[in-house]
Amino acid sequence: MSVDLVVEHCTIVTPAGRTGPEMGVAVEDETIVAIGHVDQLPDADRRLDAEGNLLLPGIIDCHIHNREPGLEYKEDWESATRAAAAGGVTTVVGMPNTDPVIDQPEHLELKFERGEAGAHVDFQSYAVLTSENLEMIPALDAAGALGFKIFLGSTVGDVPPPTDGEILEAMAKVRATGKRLGFHEENGEIIDFYTEKFKREGQNRPIDHAHSRPVIAEREAIERMISFAEETGVKVHMYHVSSGDGAAAVGRGKERGVDVTAETTPHYLWFTEDVYHEKGNVARIQPPIRDEHQQATLWEVGIDGGAIDCIATDHAPHTDDEKGVSDPFGNTWQSISGFVGLETEVPVMSTFLAKGRLTAEEWVELHSTRPAQVWGMYPQKGSLQVGTDADFTIVDPTVEWTLEDRDTLQSKSTVTPFEGESFVGKATATVVRGQIVYADGEIQSEPGDGMRVDVNP
Ligand SMILES: [Zn+2]
């Protein structure tokens, strides 16, 4: 018997532990059929030698802005998932602030259609809930949305935020679907106040944008949404937790028995707010990158203490013009928030591994297993078990390199504060349902090879 693919001579890592270095996996019909020592693996039509590498269950990024439909001048499904493949990411979940916004089943179906035509890796999408579409929740659920998102306060894309009353109503309806409701959790009134004040006073530096969105705005929104979830019984998720105080608020919610999950991003763990003095508006993001104290607590309470479930990038491409790259220390109020991340998330986490900040098992749990569990894709995704999707991220954990030139990235827009940063480790190959989509420094797949992930909440 000969199977489709064998990946061999690697160390296999799951949250439960690691075995290696002479291990491998066998794949037939997109599915893992054997995991074992190289001597025990079957013959294969194709063999991938992963000597010296770690083989992880495919990395899942549950927070990207793929921008399609409607904002393809920034990014589209094809370019975003090409970046994912090159970055070692096997499944991505698109945010709903596209044009049109994903607020009704037809828009979700359009987004899925475009993904099926363009994607190199597997994908899903959230649907947005605004003041105007709460009656659409059952239909959006039936149309296959992975989960739901509410933007609290103003955001990129001007999605009107629901009132607290509408949020309670939305929670009851989402609870009935069994799916999870995620938040862009910043208190809009606090932010609007400081934004106006700083503009009036001529405080226009990149760091002023960061300070216009203080930690309390995040912490308060998390605490309020946890209270609402406690009342309504819905499962909630806090996207892009940026601060130690925010992570601690999530941890208190978990202790109270609320089904609250949370993610943080590589940029909050890597940079402190000094980045605004070094790289200016290139690093502008919402919520902003915090000071050293908040970052240390985010590690302590969030990562080491378990308040944070997932790593995700908030990959948010914008053009050089929109970001104001030619004058990065120019008026911050004329710049836009967000930057790309799909091709630097594996290197960032691998570097933390090399520094002893995190074990490989903890990394895999945060970046594959928990995201799949939180969003109802487990064990098909995130498990690395016989009988599940053959999604692998293959990582050389020792290669030292620097992102010298962002033009080498696959995304359409490439603005990132990680340009110039040095890493230990990178993805050397990416396998999605048994297909090698990236290897030898090249994309190996075609647009449309990626598939929509079925949801099973
Ligand atoms: Zn986002």
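**Zinc site, helix crossing and selected residues**

Colleague: Which spacing do the donors of the zinc ion follow along the chain?

Modeller: This is a predicted model. The protein donors of the zinc ion are His63 (NE2), His65 (NE2) and Asp314 (OD), lying 2.1 Å from it. Along the chain, the donors follow the spacing H-x1-H-x248-D.

Colleague: How many residues apart are His65 and Asp314?

Modeller: The pair links distant parts of the chain. His65 belongs to the loop between strand S6 (59-64) and helix H1 (77-87), whereas Asp314 belongs to the loop between strand S13 (310-311) and helix H12 (320-323). Both residues, His65 and Asp314, are buried.

Colleague: Are helices H4 and H7 parallel or oblique to each other?

Modeller: The axes of helix H4 (residues 164-177) and helix H7 (residues 215-232) come within 10 Å and cross at roughly 50 degrees. Angles under 35 degrees count as roughly parallel, and 65 to 115 as roughly perpendicular. H4 and H7 are therefore oblique.

Colleague: How do the residues of the contact of H4 with H7 divide into nonpolar, polar and charged?

Modeller: The crossing of H4 and H7 is right-handed. H4 contributes Asp164, Ile167, Leu168, Met171 and Arg175 to the contact, and H7 contributes Arg224, Met225, Phe228, Ala229 and Thr232. These residues divide into 6 nonpolar, 1 polar and 3 charged.

Colleague: Does Ser227 count as buried, partly exposed or exposed?

Modeller: Ser227 lies in helix H7. Buried means under 20% relative accessible area and exposed means over 50%. Because its relative accessibility is 35%, Ser227 counts as partly exposed.

Colleague: What distance separates the C-alpha atoms of Ser227 and Val258?

Modeller: Ser227 and Val258 are 31 residues apart along the chain. The separation of their C-alpha atoms is 8.6 Å.

Colleague: Is Thr195 buried or exposed?

Modeller: Thr195 lies in helix H5 (residues 188-200). Leaving aside neighbours within four places in sequence, Thr195 is in contact with Ser212 and Trp333. Since its relative accessibility is 12%, Thr195 counts as buried.

Colleague: With which residues is Asn281 in contact, leaving aside its neighbours within four places in sequence?

Modeller: Asn281 lies in the loop between helix H10 (275-278) and helix H11 (292-304). With a relative accessible area of 1%, Asn281 is buried. Beyond the neighbours within four places in sequence, Asn281 is in contact with Pro206, Lys323, Pro328, Gly330, Asn331, Thr332 and Ser335.

Definitions and conventions: Residues are numbered from 1 along each chain as its sequence is written. This is a predicted model: local features need pLDDT of at least 70, side-chain atom pairs count only at pLDDT 80 or more; totals for chains, interfaces and linings use all residues. Side-chain values use heavy atoms; hydrogens and water are left out. Donors are N, O and S atoms within 2.8 Å of the metal (3.2 Å for Na, K and Ca); water is not among the atoms, so sites may look incomplete. Helices (H or I, at least four residues) and strands (E, at least two) are DSSP runs, numbered from the N terminus. Buried means under 20% relative accessible area, exposed over 50%, partly exposed in between (1.4 Å probe, protein chains only). Contact means heavy atoms within 4.5 Å. Axes are lines fitted to C-alpha atoms, for helices over the stretch in contact, and angles run from 0 to 180 degrees between N-to-C directions. Angles under 35 degrees count as roughly parallel, over 145 as roughly antiparallel, 65 to 115 as roughly perpendicular and the rest as oblique. A crossing is left-handed if the near helix is turned anticlockwise from the far one by less than a right angle, and right-handed if clockwise. Ala, Val, Leu, Ile, Met, Phe, Trp, Tyr, Cys and Pro count as nonpolar, Asp, Glu, Lys and Arg as charged, and the others, Gly among them, as polar.
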